[in-house]
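Welcome, and please have a look at the model below.

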Amino acid sequence: MFVAALVLLVLGYPVAFSLGGVAILFALLGSSLEVFDDVMSYVVPLGDRLELFDFNLLTAMPERIFGMMSNYTLLAIPYFIFMGSMLEKSGLAEKLLETIGILFGPLRGGLALAVIFVGAMLAATTGVVAASVVAMGLISLPIMLRYGYNKELATGVIVASGTLGQIIPPSVVLVVLGDQLGVSVGDLFLGALLPGLMISAAFALHVIVVSLIKPEVAPALPAEVRNVKGLDLAQRVVTVMIPPLVLILLVLGSIFFGVATPTEAGALGALGAVLLAWANGQFTAPKLVEVSDATLRITSMVMMILVGSTAFSLVFRGLDGDRFMFDLLLNVPGGQMGFLLVSMLTVFSLGFFIDFFEIAFIVIPLFVPVARSLDIDLIWYGVLLGVNLQTSFLTPPFGFALFYLRGVAPPEIKTSEIYRGAVPFILLQLFVLVLLVAFPGIVNILPSLAQR
């Protein structure tokens, strides 16, 4: 079943229909084997009957779909997508990049640091990778190239910073993981906050070190370009940075302090994004239609993938695949660390070929029972998975952030340069992942404090 699903995904067939189609195919195959077994029993006396699929199991599908549709946690997904799309259309990313670029311009690598800083802020307000990468690719990449930045460093910084929305709360990835792991999304947000900031700091440190060792790859902006100074610059910083910071505090603060659930905070964020767009004079009927259409499309895609993965997992369990995988993973040498190594390598490897939604809906449900039986803290495990899944957006050849940047990059940028530029940042993320495995307290400290 896994091989069939992966082949269809690699061939470019839609994810939801790949999963649902494979489920139906193997359900029919399992049922036909049962008929074959009955026929053969008349010809050759059989000992143990084959482990076959009972087609009646598919009658559980409607109940599962209704359970999914009534899942309150998943309601946060359209809210966060709407919030991110509305903020992107309001021009917030463009203004942030311009202002922070002027602030960091005098430093070597200042523009790259500005991209990382803005990427982290956009991650905490939008959580949408496509919006962040496209906005920064369109605005900052031409400027970085104009002032002599190395192409690989410039493209690597943009794609890496754009993926911060996958781990810095509020993140759609963490909402999905919280649902699949059966843990509080609020606790998952708290646990992911410090790792997200660590990854941002690692990116910034990399840029600083590279610009010190090789000043020519990341020069400072010329003085004539930094034409906004004094009170004008201070006023611009306040008007551009304060609104998104307030929105971050409203959304994340209401979750962290227990005032609102992630779903309610998402609704608050969606309303806040509308008010910010209105304050910037960008709230119009056509833009509202555009944002609503984008939200509908992405949410429908996620829900259809969830329906397909539900059918896939139902048939997989009907064929005793879950028992086989449970026994296999439970008996991996090394106990907890052995299981962690296998599960993290599996997720990282799949990230080369398929999107995080497919990984979350297909593979994660197989890991959760084993993690529980090994007494692994699921909040910590969820954050490890989140950091690992973040790399799936960067790993060639199918990293989605790489595709987003390729779509808006100037013609002189080669695809191979984008791929090579992403490699150091993939290694930095893996380094942070190793630190989180070695020091679980980094993840657990904020959820523990919140419980007190």
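In this predicted model, Ser200 touches Ile116, Ala120, Leu164 and Ile168, leaving aside residues up to four places away in sequence. Ser200 sits in helix H10, which covers residues 185-213. Is Ser200 buried or exposed? With a relative accessible area of 8%, Ser200 is buried, because buried means under 20% relative accessible area.

A pair of aromatic rings is described by the distance of the centres and the angle of the planes. How many aromatic pairs does the model hold? The count comes to 5. One of them joins Phe203 and Phe425, an edge-to-face pair. Phe203 belongs to helix H10 and Phe425 to helix H20 (residues 415-438), so this pair ties together parts that are 222 residues apart in sequence. Phe203 and Phe425 are both buried.

Another pair is made by Phe339 and Tyr381, whose planes meet at 35 degrees, so this pair is tilted. Phe339 lies in helix H15 (residues 335-350) and Tyr381 in helix H18 (residues 378-391), so the pair ties together parts that are 42 residues apart in sequence. Phe339 has a relative accessibility of 0% and therefore counts as buried. Tyr381 is buried as well, with a relative accessible area of 0%. Ring pairs also bring in Phe367, which forms a cluster with Phe339 and Tyr381.

Here are the two pairs side by side:

| Pair | Centre to centre | Angle between planes | Geometry |
|---|---|---|---|
| Phe203 and Phe425 | 5.2 Å | 85 degrees | edge-to-face |
| Phe339 and Tyr381 | 5.8 Å | 35 degrees | tilted |

Which residues make the nonpolar surface patch of about 470 Å²? Val238, Ile242, Leu245, Val246, Leu250 and Leu268 make this patch. Helix H11 (residues 230-256) supplies the largest share of the patch, with 5 residues. Leu268, in turn, lies in helix H12, spanning residues 262-279. Leu268 has a relative accessible area of 36%, so this residue is partly exposed.

Conventions: Residues numbered from 1 in each chain as written. Predicted model: local features only at pLDDT ≥ 70, side-chain atom pairs only at ≥ 80, totals over all residues. Heavy atoms only, no water. Patch = residues over 30% accessible without salt bridge, like charges linked within 9 Å, V, L, I, M, F, W, Y side chains within 5 Å. Areas by Shrake-Rupley, 256 points an atom, 1.4 Å probe, with all protein chains shown as cover. Salt bridge = Lys/Arg side-chain N within 4 Å of Asp/Glu carboxyl O. Helix = DSSP H or I, 4+ residues; strand = E, 2+ residues; numbered from the N terminus. Buried < 20%, exposed > 50% of the residue type's maximum accessible area, 1.4 Å probe, protein only. Contact = heavy atoms within 4.5 Å. Phe/Tyr/Trp six-rings, centres within 6.5 Å; stacked < 30°, edge-to-face > 60°.
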